[in-house]
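Work through these exercises with the structure open beside you. Try each task before you read its solution.

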Amino acid sequence: MPHRKDEKTRDITELIVKAGEKARRETRAIPEPELTRPIEWPVSCTVGPGLEGAIACETKIGYVNGSKGWLIYRGYDIFELCAYSTFEEVSYLLLHGNLPTKKQLAEYNKKLVDSRNLNNTMRLFMNYPVEGMNAMSALRLGTNLMRHELTYIDREEYKPNLDGVIGSDEDSIPMETKPMGEKDAIYGFKRIKMNRPFKGVNPELHPAAGAESCNHLVSGVATIAAAVARLKLGQLPIEPDPELSHAANFLYMMTGCRPSPVEERIMDVALILHADHGMNASTFASMVVASTLSDMYFSVGAGIAALNGPLHGGANEQVLYMLEEIGNPGNVKKWVKKSVKEKKKIMGFGHRVYKSYDPRARVLAPLAEYLVKKDSSNHNLLETATTLEKEILDTIGTKKKIFPNVDFYSGIVYACMGILPENFTTIFAVSRVAGWTSRILEYLENNRIFRPRAMYTGSFEKEFKPLEKRR
Ligand code: ACO
């Protein structure tokens, strides 16, 4: 059963509680924007480029108050959830709407344990050259392969008749021995005949967009992400340990070592912090795919693809490279001056919604400091980051309302835990899958396909010229 080893990580709880108190003190007086009421469709709102301000749906899952810098999951303040709960409780909360009782948590945990071991997916996954792939691309592939575990495709009763089908080794013989262009040398992607007519999916199987797929993904994306981290280093994936919590298992499956209570707790807090965040780009991308009644796996794959970009979750990896490029605190002023002059985006700063300090950065900054105090090998990295934060706030930050976002300190936290930057964004996905799946389930209750418009600004009535007359 997942539980926090509170005694051994009490100082982490205290850091989070303090960060929450400071946030509330500093933001209490800021007025509440009017974005917390039921709406009647059609709704009027002012929309800016990039759909800024557009209202896509109602939700009870989470709320981001960008002016105050508050983040709420199902009514609970993020600081309290980080201080007192676990990722298992938080993902249950997002998916089900309430914090679990002991019994509900035990049942949910059993589902996560059962879903963590992805034998079939891993067998398929190991056939790909994951070591040479971008980690997010590999994660997306693995998530797509997970589709086979809960749908009819892998079930015995629906197995295709393989008699007469040649194996891949035999298939390569004509490819190697026959000259190119010959009929037999061409791959024949023929549809394999079923051994009996397909009469639809067994109703007892889980629908691919159902609640069981959510549990499967919330648990399994971590297994895949850990396997990706290992395969990229030329190491074999590690089987999960049913006795470990989700956060501890993730670290264990990634590193091969059982984490200390502090490492487990910090990963757990990082997973809680990243689990949901309004209609961000990856959540919206996954919801758009789900709104077509495609399934949960394809939808989560779309979320992973959107999260990968450096303007979104990919920023955490870029922050680390940026800090390494700056080199030390003494170089910060010069670096910022040059970047501002060149109108460069500073990675880990700014946010579409937060026009105040991101509450997630309020938790991650002291955690980074805490880890650096324990082991000073990343002292220079953290000093460079804090100096950069001050310089940005003193120059463009306060004026333009650009503050550190979640990605600014998360990379330093992960680096202190010995995690390579190439895996930072996959960790984000391991957590955000809880938000993606919760919001998809909620949206599907009153689904309407997403279909905005674009304003056509092109020309009309052009004369068509045949190819040979075009210049
Ligand atoms: N560095 C420098 N200037 C910035 C930054 C930044 N990181 N972010 C915003 N600005 C500037 C803009 O250039 C703009 O200036 P202007 O008014 O003089 O033209 C002003 O601040 C307002 O910013 P917008 O462009 O309106 O911000 P937008 O909402 O479009 O973009 C985004 C938000 C993409 C996050 C942006 O701040 C950015 O690129 N940040 C860096 C990448 C990053 O850290 N992404 C992670 C975000 S958190 C997450 O997704 C998990």
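**Exercise 1. The ligand**

Which polar backbone atom, from which residue, lies 2.8 Å from a nitrogen atom of the ligand?

Solution. This is a predicted model: local features need pLDDT of at least 70, side-chain atom pairs count only at pLDDT 80 or more, and totals for chains, interfaces and linings use all residues. Residues are numbered from 1 along each chain as its sequence is written, and side-chain values use heavy atoms, with hydrogens and water left out.

Step 1. Go to I346. A polar backbone atom of I346 sits 2.8 Å from a ligand nitrogen atom. That is a polar contact (a pair of N or O atoms within 3.5 Å).

Step 2. Turn to the ligand's oxygen atoms. A polar side-chain atom of H312 is 2.7 Å from one oxygen atom of the ligand. K400 also brings a polar side-chain atom to 2.8 Å from a ligand oxygen atom.

Step 3. Check the cover. Alone, the ligand exposes 920 Å², and the protein buries 71% of that. These areas come from the Shrake-Rupley method with a 1.4 Å probe.

Step 4. Widen the view. The ligand is surrounded by 19 residues (a heavy atom within 4 Å). Among the closest are G348, F349 and R352. The shell has nine nonpolar, five polar and five charged residues.

**Exercise 2. Helix 4**

Find where the buried residues of helix 4 fall, seen down its axis.

Solution. Step 1. Locate helix 4 at residues 102–116. Helices here are DSSP runs (H or I, at least four residues), numbered from the N terminus.

Step 1. Test its length. The 15 residues should span 21 Å at 1.5 Å a residue, and the end C-alpha atoms are 21 Å apart, so the two agree. The expected span is 1.5 Å times one less than the number of residues.

Step 2. List the buried residues (under 20% relative accessible area; exposed is over 50%, partly exposed in between; 1.4 Å probe, protein chains only). They are L105, Y108, N109, L112, S115 and R116.

Step 3. Look down the axis. The buried residues of helix 4 fall within an arc of 125 degrees, so they line one face. On the other side, K103 and K110 are exposed.

Notes. A polar contact is a pair of N or O atoms within 3.5 Å; within protein, one must be able to donate a hydrogen and the other to accept it, and residues adjacent in sequence count only if both atoms are side-chain atoms. Ala, Val, Leu, Ile, Met, Phe, Trp, Tyr, Cys and Pro count as nonpolar, Asp, Glu, Lys and Arg as charged, and the others, Gly among them, as polar. Helices (H or I, at least four residues) and strands (E, at least two) are DSSP runs, numbered from the N terminus. The arc is that of the directions from the helix axis to the C-beta atoms.
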